[in-house]
Amino acid sequence: KLIVATLGLLLLASAAPQAQSVDPRGIPQPRKLPNRDFDKSRDSRAARDNVAAYRRLIAEQIRNDFHKLQILNNEIAQDLSANQPLDYKHIAERASKIRTLAKRLDSNLVLGKVENQIAGHAEPEISDPSLKFLLLNLHGLVVSFVENPIFRGVLDLEETKKAKANVIEIGLVANKIKIVAKQLRNNASR
């Protein structure tokens, strides 16, 4: 019985509210609450730091994608200028990478929206001359995109729209190239 009574008193004591402190005059002092302004300040500072870090990562991703796009474009241009048959496998791989880069650049760059839908959803012709035409078209689009004045700090709404249209078109043409190159590769292996 003594153990039960002791346990009961311990439970009551632990459930009782914490006593407030009393100042020298005997007036109870309110409990100190955490400094919420400090917490908000700390949280907002952390959020700002996170946003800044995210923006730095996106900026680095854009620079890398921009650079890779140019490298792949130059490799395709070298393939076109060589007096050798086209390597359909490598062209399809490069086109796939270019398409991925274009999509990511489109989503990471704040270029607005294109008013008119870009045409070019027709099925491409499966032939070597058609592939070469698409490769030349892609090369021109990439050059136009990377040489756009907005990437040198010029703020121009029309140039921004042109860059947006170019990056979308790069993705579409690269996809067509991938389709044609794969089909030509399959046809050649038969």
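Trainee: Why are H3 and H5 called roughly antiparallel?
Mentor: This is a predicted model, and in it the axes of helix H3 (residues 88–108) and helix H5 (residues 157–189) cross at roughly 155 degrees. Angles over 145 degrees count as roughly antiparallel, so H3 and H5 get that label.

Trainee: What else describes the crossing of H3 and H5?
Mentor: The axes come within 8 Å, and the crossing is left-handed. The residues of this contact divide into 14 nonpolar, 3 polar and 7 charged.

Trainee: Let's turn to salt bridges. What makes Arg104 and Asp65 a salt bridge?
Mentor: Their side chains meet at 2.7 Å, N to O. The cut-off for such a pair is within 4 Å, so Arg104 and Asp65 qualify.

Trainee: Which parts does that pair tie together?
Mentor: Arg104 lies in helix H3 and Asp65 in helix H2, so the bridge connects parts that are 39 residues apart in sequence.

Trainee: How do you know whether Asp65 is buried or exposed?
Mentor: Asp65 has 0% relative accessibility. Buried means under 20%, so Asp65 counts as buried.

Trainee: Why does the pair of Glu158 and Lys161 count as a salt bridge?
Mentor: The side chains of Glu158 and Lys161 meet at 3.9 Å, N to O. The rule asks for within 4 Å, so this pair counts too. Glu158 and Lys161 are 3 residues apart in helix H5, which means about one helical turn separates them.

Trainee: What makes Glu158 exposed, and what is Lys161?
Mentor: Glu158 is at 52% relative accessibility, and exposed means over 50%, so the label for Glu158 is exposed. Lys161 has a relative accessible area of 26%, so Lys161 is partly exposed.

Trainee: How do you know that Asp128 and Lys132 form a salt bridge?
Mentor: The closest N and O atoms of Asp128 and Lys132 are 3.7 Å apart, and the limit is within 4 Å, so they form one. Both residues lie in helix H4, 4 residues apart, about one turn of the helix. Asp128 is partly exposed at 25% relative accessibility, and Lys132 is partly exposed at 36%.

Trainee: How many salt bridges are there in the whole structure?
Mentor: A search finds 6 salt bridges. Glu75, Asp79 and Arg94 are linked in a network of them.

Trainee: On to the rings. How many aromatic pairs are counted?
Mentor: The count comes to 3 aromatic pairs. One of them is formed by Phe66 and Phe145.

Trainee: Why is the pair of Phe66 and Phe145 called tilted?
Mentor: Their centres are 6.0 Å apart, and rings pair if the centres lie within 6.5 Å, so they are a pair. The angle between the planes is 55 degrees. Under 30 degrees would be stacked and over 60 edge-to-face, so tilted is what remains.

Trainee: What makes Phe66 and Phe145 buried?
Mentor: Phe66 is at 16% relative accessibility, and Phe145 has a relative accessible area of 0%. The limit is under 20%, so Phe66 counts as buried, and so does Phe145.

Note on methods. Residues are numbered from 1 along each chain as its sequence is written. This is a predicted model: local features need pLDDT of at least 70, side-chain atom pairs count only at pLDDT 80 or more; totals for chains, interfaces and linings use all residues. Side-chain values use heavy atoms; hydrogens and water are left out. Buried means under 20% relative accessible area, exposed over 50%, partly exposed in between (1.4 Å probe, protein chains only). Axes are lines fitted to C-alpha atoms, for helices over the stretch in contact, and angles run from 0 to 180 degrees between N-to-C directions. Helices (H or I, at least four residues) and strands (E, at least two) are DSSP runs, numbered from the N terminus. Angles under 35 degrees count as roughly parallel, over 145 as roughly antiparallel, 65 to 115 as roughly perpendicular and the rest as oblique. A crossing is left-handed if the near helix is turned anticlockwise from the far one by less than a right angle, and right-handed if clockwise. Ala, Val, Leu, Ile, Met, Phe, Trp, Tyr, Cys and Pro count as nonpolar, Asp, Glu, Lys and Arg as charged, and the others, Gly among them, as polar.
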